[in-house]
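Subject: Structure for you to look at

Hello,

Here is the structure I said I would pass on. My notes follow below it.

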Amino acid sequence: MITKDYLPNHPEIELYQDDTMLRINTDTYVLGEFLNIYRNDTVLDMGTNQGALLLYANLFHPKKLIGLEINPEGVALAKRNMELNHIENAEIICGDIITYKNDPVDVIICNPPYFKTKEDNKGLNNFKAIAKHEGELTLKLLVDSIERNLKDNGTLYFLFLSQRLDEVLMELRRKHLIPKIIKFVFDKEKKYSNVFLVKAIKNGKPGLVVEKPIQMER
């Protein structure tokens, strides 16, 4: 079922969501609020789903928005949400992150599938499984695609599972994506961080800041 909702923390921005696909959640919200984009930037959201992160990016009035989505139904919904919000500088592309190659952009946003899960434990909904579980899109292949499609000195805004922080830092540095800011996200009722945010610069200078964590209340 398709419903009309609003962007977390921005009730003035409406969007359609489909129950058969992954809906906006805490990850979407914290990554969207983590962004800092300039007016001349071209922004690529890898795995755009219904386009929620593009709507956050649009708050900065960038030059161009690009959404890449493998699910044709997600592509259609993202296009519908761009039209709903009168966004005319957005391009929604149906394609696979693993093989995608286009003109490098200034900013890449990515809220990728981060669970390593056995095939028989992924559930019956393939659209949701693709959005949550690695499958063929491994962390290594994801970072390869990010590096390939990001300009020199371009910026990556990324969210991933905290227990895989060591893997993420290793893969980012392998492709010269230098972490500049890390921010952990905690559920107030839990002892450990579940996810973290990272801002990285392609071929950037060393120097990492760990910002105050975000505490979420359910």
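Leaving aside its neighbours within four places in sequence, which residues is asparagine 149 in contact with? They are Leu44, Met46, Tyr100, Lys101, Asn102, Asp103, Pro104, Val105 and Ile108. Please keep in mind throughout that this is a predicted model.

Overall picture

The protein chain has six helices and eleven strands. Of its 218 residues, 50% are buried. Among contacts between residues at least 6 apart in sequence, 69% join residues at least 24 apart.

Helix H5

Asparagine 149 belongs to helix H5, which covers residues 139-149. Its relative accessibility is 1%, and because buried means under 20%, asparagine 149 counts as buried. Other parts of this helix are covered too: the buried residues of H5 are Leu139, Leu142, Val143, Asp144, Ser145, Ile146 and Asn149. What do these buried residues pack against? Their partners are strand S3 (42-46), strand S6 (105-110), strand S7 (150-161), H6 and S8.

The packing of H5 with helix H6 (residues 165-174) can be described in more detail. The two axes are 9 Å apart, at an angle of about 35 degrees, and H5 passes H6 in a right-handed crossing. On the H5 side the contact is made by Leu139, Lys140, Val143 and Asp144, and on the H6 side by Glu167, Val168, Glu171, Leu172 and Arg174. By type, the residues of this contact divide into four nonpolar, no polar and five charged. Leu139, Val143 and Asp144, which take part in the contact, are also among the buried residues of H5.

Aromatic rings

How many aromatic pairs are there? The count comes to three. One of them joins phenylalanine 158 and phenylalanine 160, with the centres 5.5 Å apart and 10 degrees between the planes, and is stacked. Both phenylalanine 158 and phenylalanine 160 are buried.

Another pair is formed by phenylalanine 184 and phenylalanine 196. This one is tilted, at 6.2 Å centre to centre and 50 degrees between the planes. Phenylalanine 184 is in strand S8 (residues 177-187) and phenylalanine 196 in strand S9 (residues 195-202), so the pair ties together parts that are twelve residues apart in sequence.

Glutamate 83 is exposed, with a relative accessible area of 60%.

With a relative accessible area of 46%, alanine 76 is partly exposed. The C-alpha atoms of alanine 76 and asparagine 49 are separated by 9.5 Å, and these residues are 27 apart along the chain.

Regards

How values were computed. Residues numbered from 1 in each chain as written. Predicted model: local features only at pLDDT ≥ 70, side-chain atom pairs only at ≥ 80, totals over all residues. Heavy atoms only, no water. Helix = DSSP H or I, 4+ residues; strand = E, 2+ residues; numbered from the N terminus. Buried < 20%, exposed > 50% of the residue type's maximum accessible area, 1.4 Å probe, protein only. Contact = heavy atoms within 4.5 Å. Phe/Tyr/Trp six-rings, centres within 6.5 Å; stacked < 30°, edge-to-face > 60°. Axes fitted to C-alpha atoms, helices over the stretch in contact; angles between N-to-C directions. Left-handed = near helix turned anticlockwise from the far one by under 90°. Nonpolar A, V, L, I, M, F, W, Y, C, P; charged D, E, K, R; others polar.
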